[in-house]
Amino acid sequence: MNGVAALLAPQVVARRLGADETQPAFVYVLRMFGVRTVVIGAELLLLKDADRIAQALRVGTFIHASDALSAASAGRCGTLSPRAAAAATAISTVNVALTLVAQWPRRGPHG
């Protein structure tokens, strides 16, 4: 949902994060975040091959982790307000956790 919102309504997402919605660079970054998130989600929903799903999850983990680190760094150096940086870092950290949980080995009834 965050990806679709960032792609289609980046100014709304910027406001929700407490960021300046009139900054063209921030709107651009939100759209990039959105398109990547939508593509990752679509892959996970549409792929049938277990190996390709596992690869998409690994790539997703890396992408979301880099988003979290970038948001935290932007907050630390003042590029993002503390509120916006905290929100963006939290969203991406939750996404990392979701990809890690999805990769957790599943045991069958006898395992």
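This is a predicted model: local features need pLDDT of at least 70, side-chain atom pairs count only at pLDDT 80 or more; totals for chains, interfaces and linings use all residues.
1. Let's start with the overall picture. The protein chain holds five helices and zero strands, and from the N terminus on its elements read α-α-α-α-α. Along the principal axes, the C-alpha trace spans about 55 × 25 × 20 Å.

2. Next, look at how the chain is covered. Of its 111 residues, 32% are buried. The accessible surface is about 7300 Å², and 67% of this belongs to carbon and sulfur atoms. Among contacts between residues at least 6 apart in sequence, 59% join residues at least 24 apart.

3. Now turn to helix 3 (24-46). This helix has 23 residues and reaches 33 Å from its first C-alpha to its last, close to the 33 Å expected at 1.5 Å a residue. Which of its residues are buried? They are Phe26, Val27, Leu30, Phe33, Gly34, Thr37 and Ile40. As you follow that list, keep one general point in mind: an α-helix has 3.6 residues a turn, so residues three or four places apart point the same way. The cover over the buried residues of helix 3 includes helix 1, helix 2, helix 4 and helix 5.

4. Helix 4 (50-77) is worth a look too. It has 28 residues and reaches 40 Å from its first C-alpha to its last, close to the 40 Å expected at 1.5 Å a residue. Its buried residues include Ala56, Leu57, Gly60, Thr61 and Ile63, and also His64, Asp67, Ala68, Ala71 and Ala74. Helix 3 and helix 5 are among the elements that cover them. After helix 4 comes Gly78, with a positive phi near 90 degrees.

5. The largest nonpolar core has 13 residues, and the ones touching the most other members are Val13, Leu17, Phe26, Leu30 and Leu80. Helix 1 (2-8), helix 2 (10-17), helix 3 and helix 5 (82-103) each give two or more residues to this core.

6. Finally, visit the surface. Val4, Leu8 and Val38 form a nonpolar patch there, with about 260 Å² of accessible area together. Val4 sits in helix 1.

Methods: Residues are numbered from 1 along each chain as its sequence is written. Side-chain values use heavy atoms; hydrogens and water are left out. A nonpolar core is a set of buried Ala, Val, Leu, Ile, Met, Phe, Trp, Tyr and Cys residues joined through side-chain atoms within 4.5 Å. Buried means under 20% relative accessible area, exposed over 50%, partly exposed in between (1.4 Å probe, protein chains only). Helices (H or I, at least four residues) and strands (E, at least two) are DSSP runs, numbered from the N terminus. The expected span of a helix is 1.5 Å times one less than its number of residues. Contact means heavy atoms within 4.5 Å. Patches are made of residues with over 30% relative accessible area and no salt bridge: like charges are joined within 9 Å, nonpolar side chains (Val, Leu, Ile, Met, Phe, Trp, Tyr) within 5 Å. Accessible areas come from the Shrake-Rupley method with a 1.4 Å probe; for residues, only the protein chains shown count as cover. A salt bridge is a side-chain nitrogen of Lys or Arg within 4 Å of a carboxyl oxygen of Asp or Glu.
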